[in-house]
Every structure is written in structure tokens, then in C-alpha cells.
Amino acid sequence: MGERIGERIKVLLVEDDGDSRELLAELLELDFDVITAADGVAGLRAFVDDHPDVVVTDESLPGMCGTALAQEVKSRQPKAGVVLVSGYSNVDSGYCDVVLRKPIDVERLSAVVGSLGEAARH
């Protein structure tokens with residue numbers, strides 16, 4: 001695939017709440033190329049189709065929870081970064097690189113996505 005110099009890090013945002021999804025996507029789009037999905041199954045499809053560098057997923061999703069999505073992502077592309085966003089503190093985050101608690105600190109999220117995205121490309 002080679003190095004994609006100058007290309008922005010591509011982020012897949014998986015969030016079933018429409019308002020949260022739009023708000024986070026707008027904030028992330030300041031620094032990254034963002035694609036979104038409304039549930040885990042659509043998220044996995046988008047991951048397979050679009051090959052994002054980083055997946056930011058909510059834990060509680062219809063169809064497939066965030067941790068299950070993370071497992072699927074890592075099994076397909078171990079270098080892809082996964083950020084799990086959860087309202088719960090006791091999620092099994094074995095396949096996730098970073099777990100962020102709600103409410104999300106957007107600056108922290110952006111910094112985490114940036115570093116994971118860089119790592120995914122090397």
C-alpha cells in the first residue's frame with residue numbers, strides 16, 4: 001500500500017445516537033477524514049469497504065456492541081486503532097487500544113485518534 005504522505009488520517013465513527021454522531025463527526029472533521037455508521041454491523045461493513053486507520057465506537061450499539069466490533073476490526077487489520085467510548089467503567093476492552101468514558105473529552109479524543117492513526121500507518 002505504501003505511505004500515504006499528506007493524506008489525512010481516516011476515522012470511522014460508529015455511534016447509534018444521531019445527535020452525538022453528527023456532533024462528534026463535525027469536531028473530528030477539523031483534523032481527520034471522517035466516515036460514520038449508526039450500528040456495529042454497518043460499522044464493520046464500512047471498515048471493510050473504506051479501510052479507516054482508526055475506529056471510534058460506542059460500546060452500546062444495536063446489533064453488535066463496540067467490543068465485538070473491535071474484535072472484528074482487529075482480526076481483519078491488527079494495525080488499525082480502536083477507541084471505545086463507554087458510559088460504563090467495566091467493559092472488557094481487550095481488543096481496544098483506548099477506552100474513553102462518557103462524556104467525551106473531545107481534545108483528548110482528537111489526540112488519541114491522531115496518535116493511533118499515525119501508528120496504524122507505520
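A: The count of disulfides in this predicted model comes to zero. Cys65 is in no disulfide, and its nearest cysteine sulfur, that of Cys96, is 9.1 Å away. Cys96 is likewise in no disulfide, with the sulfur of Cys65 as the nearest one, 9.1 Å away. Cys65 is partly exposed, with a relative accessible area of 30%. Cys96 counts as buried, at 11% relative accessibility.

Now the charged pairs. The whole structure holds five salt bridges. Among them is the one between Arg8 and Asp33, whose closest N and O atoms are 3.2 Å apart. This pair links distant parts of the chain, 25 residues apart. Arg8 sits in the segment before strand 1 (10-14), and Asp33 in strand 2 (residues 33-37). Arg8 is partly exposed, with a relative accessible area of 34%. Asp33 is partly exposed too, at 37% relative accessibility.

Asp58 forms a salt bridge with Lys102. Their closest N and O atoms are 2.8 Å apart. Asp58 lies in strand 3 (residues 54-58) and Lys102 in the loop between strand 5 and helix 4 (106-120), so the pair ties together parts 44 residues apart in sequence. Asp58 counts as buried, at 3% relative accessibility. Lys102 is partly exposed, with a relative accessible area of 38%.

Lys74 forms a salt bridge with Asp97, the closest N and O atoms being 2.9 Å apart. Lys74 belongs to helix 3 (residues 66-76), while Asp97 is in the loop between strand 4 and strand 5, so this pair ties together parts 23 residues apart in sequence. Here the lysine, Lys74, is buried, with a relative accessible area of 18%. Asp97 counts as partly exposed, at 40% relative accessibility.

Strand 4 (residues 81-86) and strand 5 run parallel, joined by four bridges. Val83 has Val98 as its bridge partner in strand 5. Strand 5 (residues 98-101) has two faces. Val98 and Leu100 make up the covered face. Val99 and Arg101 make up the uncovered one.

In short, there are zero disulfides, five salt bridges, and four bridges between strand 4 and strand 5.

Key
Residues numbered from 1 in each chain as written. Predicted model: local features only at pLDDT ≥ 70, side-chain atom pairs only at ≥ 80, totals over all residues. Heavy atoms only, no water. Buried < 20%, exposed > 50% of the residue type's maximum accessible area, 1.4 Å probe, protein only. Pairing = 2+ DSSP bridges. Disulfide = S-S within 2.5 Å. Salt bridge = Lys/Arg side-chain N within 4 Å of Asp/Glu carboxyl O.
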